[in-house]
Amino acid sequence: MHFEILIEDLSGKAALDILMPKIIGENHTSRVISYRGIGRIPKNLKSRTDARDRILLDRLPELLKGYGKTYSNNPAKHSTVLIIVCDLDTKCLKTFRQKLLNMLNISNPKIETRFCIAIEEGEAWLLGDISAIRKAYPKAIGNVLNSYQNDSICGTWELLADAVFAGGAKALQSQPWYVIGKEKSTWAEKITPFMNINKNKSPSFSYFRDKIRELI
């Protein structure tokens, strides 16, 4: 099978570029495409923003339509799956998921599509494997890591910053936004090689992993 994965930022792509081969093995393929932010679901479920803006949810109605048209008469249709990965942040999971499904339901034609939501943020998947963090960052602050409850709404990336970044989240937040984004990508690149995908304690990561395995 082939998996087309759309994700809201570069740090998520950095993580999934390493994690996907661990999940799907050598007999399947994947491509991870990053966007410049999550944005929001259009009220009328029609994309209004410029495609060049590359904001995931703002563009998603057109993206779903485009994938549907591309694969509707393609022999690869039945072996290709579109995966949308985005952060929950502070949204209601049930409501958010239903809005995504509503968008998919009006898209025609369509290919097999799944929505996987990181709770609260993508860093929750990294924090699901504390052992991997310790291997990547031997000087990580143990009390901070041990205080984390998996998939809790707690300011996830800030907590990871407090554990591994000199000066913690406060110091990182004083930097320009692009420095924060680059640091998040660095965490993903350093931690994911050590991650044991079968023992990750993040429920939302386990959901993502298991959905892909079910499709395979």
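Okay, a helix here means a DSSP run of H or I, at least four residues, and the helices are numbered from the N terminus. With that in hand, let's start at L64, which is found in helix α2, residues 56-72. Keep in mind that what you have on screen is a predicted model.

So, is L64 buried or exposed? It counts as buried, because its relative accessibility is 4% and the cut-off for buried is under 20%. And who does L64 touch? If we skip the neighbours within four places in sequence, L64 is in contact with L82, M103, L104, S107, P109 and T113.

Now let's jump to another part of the model. From L64 to W187 we go 123 residues along the sequence, and the two C-alphas are 30 Å apart in space. W187 sits in α9, and it is part of the contact between α7 and α9. Helix α7 covers residues 156-164 and helix α9 covers residues 177-191. How do they cross? Their axes come within 12 Å, at an angle of roughly 70°, so α7 is roughly perpendicular to α9. If you want to click on side chains, pick W157, L160, A161 and V164 on the α7 side, and I180, K184, W187 and I191 on the α9 side. By class, that contact has seven nonpolar residues, no polar ones and one charged one.

Side chains of opposite charge can pair when their charged atoms come close. How many salt bridges does a search of the whole structure find? Seven, and I'll show you a few of them.

Take D17 and K13, whose closest N and O atoms are 3.1 Å apart. Both residues are in helix α1, residues 10-24, and they are four residues apart, about one turn of the helix. D17 is partly exposed at 39% relative accessible area, and K13 is partly exposed too, at 25%.

Next up is K91 with D89, another salt bridge, with 3.8 Å between the closest N and O atoms. K91 counts as partly exposed at 31%, and D89 is partly exposed with 23%.

My last pair is R209 and D210, where the side chains meet in a salt bridge at 2.9 Å, N to O. Which side of this pair is buried? R209 is, because its relative accessible area is 9% and buried means under 20%. D210, on the other hand, counts as partly exposed at 32%.

That's my tour, happy to take questions.

Methods
Residues are numbered from 1 along each chain as its sequence is written. This is a predicted model: local features need pLDDT of at least 70, side-chain atom pairs count only at pLDDT 80 or more; totals for chains, interfaces and linings use all residues. Side-chain values use heavy atoms; hydrogens and water are left out. A salt bridge is a side-chain nitrogen of Lys or Arg within 4 Å of a carboxyl oxygen of Asp or Glu. Helices (H or I, at least four residues) and strands (E, at least two) are DSSP runs, numbered from the N terminus. Buried means under 20% relative accessible area, exposed over 50%, partly exposed in between (1.4 Å probe, protein chains only). Axes are lines fitted to C-alpha atoms, for helices over the stretch in contact, and angles run from 0 to 180 degrees between N-to-C directions. Angles under 35 degrees count as roughly parallel, over 145 as roughly antiparallel, 65 to 115 as roughly perpendicular and the rest as oblique. Contact means heavy atoms within 4.5 Å. Ala, Val, Leu, Ile, Met, Phe, Trp, Tyr, Cys and Pro count as nonpolar, Asp, Glu, Lys and Arg as charged, and the others, Gly among them, as polar.
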